[in-house]
Amino acid sequence: MKIALAQWRIEAPASFQEFAARVFAEIAVAVKQGASIVVLPEYLALELASTLDAKTRADFPATLAALQAVHVDWLRLFAGLAVAHRIHLLAGTFLLEQPNGKYRNRAYLFSPDGSHVFQDKLTLTGFENAAGVIEPGDALKVFESRYGRIAIDICYDSEFPLYARAQREAGARLLLVPSCTDTEAGASRVRIGCMARALENRIYVAQSVTAGEAPDNPALDTNTGRAAVYAPSDRGLPDDGLVAAATPGETWLIADVDLAALEATAANAQVAVPVDWGQQSRPGVVRAKVETL
């Protein structure tokens, strides 16, 4: 199957309709290239901050509150696109208000029939904690699809091994990572996290990113990283673990992902990290013993 990973240039749409028109056109491009799974990046909904006045844009909590008005339209837009193109569509993330007044960073995954599931971000970054209005999710999920089981780890969550490990144990062999970083160091952390999760779990990890400069959008003013697909480094797979990566300026990385072939390589693998994972839990090594030199 082909997967399309966005390297989404942040622009300044004047209205939701203008944003929707661009999304509609870009997804059509990805589908024309054969994509059956399409992944948009973290914080995509914050691109719509450009539809708000300057005072609201400068106030992050006010921005989140104002964007709640387009949530229903957001769901309708991406459900319609998934149905129209018969694709699985990860619609980036939307910071959704909860009954307690906090917001959760939520990734919606739409099916070809228009239904959707979601994964909330589980661990907050320093920025998200400092905002004071975002809370972490409380459930880790895996989703059954016609391609097999798929999981989502939003950006920073990809840097924590036990999330992906639990998803792997629940049957996931494709991990989708919508991300947004604003420094090269941040982009490196997520990239390294994705590569490590692919190695540890013998899975594909597919990352989408925000891109470009948007000085009038305080939440998305600088964007780094590149869209990529990672696999374990082993026989029958890329020696460097890199299946494909986007070049600067590209909107889409279109890559072939073969879950059955990945499973087949396990029989001739040089190492078996998923099988050997439990070795870390032996009584003698689960805690480090301090010795004096």
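Visitor: Why is Cys155 called buried?
Guide: Cys155 has a relative accessible area of 4%. Buried means under 20% relative accessible area, exposed over 50%, and partly exposed in between, with a 1.4 Å probe and protein chains only. The value for Cys155 is 4%, so Cys155 is buried. This is a predicted model, in which local features need pLDDT of at least 70, side-chain atom pairs count only at pLDDT 80 or more, and totals for chains, interfaces and linings use all residues. Residues are numbered from 1 along each chain as its sequence is written, and side-chain values use heavy atoms, with hydrogens and water left out.

Visitor: What makes Cys180 count as buried?
Guide: The relative accessibility of Cys180 is 16%. That is under the 20% limit, so Cys180 counts as buried.

Visitor: How many disulfides does the structure hold?
Guide: The structure holds zero disulfides. Cys155 is in none, and the nearest cysteine sulfur, that of Cys180, is 6.8 Å away.

Visitor: What makes Phe94 count as buried?
Guide: Phe94 has 1% relative accessibility, so Phe94 counts as buried.

Visitor: Where does Phe94 lie, and what is Phe94 in contact with?
Guide: Phe94 lies in strand E3. Helices (H or I, at least four residues) and strands (E, at least two) are DSSP runs numbered from the N terminus.

Visitor: What makes a group of residues a nonpolar core?
Guide: A nonpolar core is a set of buried Ala, Val, Leu, Ile, Met, Phe, Trp, Tyr and Cys residues joined through side-chain atoms within 4.5 Å. The largest such core here has 46 residues, and those with the most contacts inside it are Ile27, Val38, Leu40, Trp74, Phe78, Leu89 and Phe110. Among the elements that give two or more residues to this core are helix H1 (16-32), helix H4 (71-85) and strand E3 (88-97). H4 gives the most, with seven residues. Another core lies apart from this one; its 39 residues include Ile37, Ala164, Ala198 and Ala228.

Visitor: What makes a space a cavity or a pocket?
Guide: On a 1 Å grid over the protein atoms alone, a cavity is a set of points where a 1.4 Å probe fits but cannot get out, and a pocket is an open set with protein on both sides within 12 Å along at least five of seven lines; lining residues have an atom within 4 Å of a point. Points are joined across faces, edges and corners, and a volume is the space filled by probe spheres set on them.

Visitor: How many cavities of 30 Å³ or more are there?
Guide: The search of the whole structure finds two. The largest cavity holds about 40 Å³ of space. Its lining consists of Leu199, Arg202, Pro232, Ser233, Asp234, Val271, Val273 and Pro274. The second largest cavity has a volume of about 30 Å³, and E8 supplies four residues, the largest share of its lining.

Visitor: Which residues are closest to the centre of the largest pocket?
Guide: The largest pocket holds about 380 Å³ of space. Of its 22 lining residues, Thr125, Phe127, Cys180, Thr181 and Asp182 are closest to the centre. H7 supplies three residues, the largest share.

Visitor: What is the volume of the second largest pocket?
Guide: The volume is about 220 Å³. Of the 16 residues that line this pocket, Gln7, Ala211, Gly225, Pro248 and Gly249 are closest to its centre. E9 gives the largest share of this lining, three residues.

Technical notes: Disulfide = S-S within 2.5 Å.
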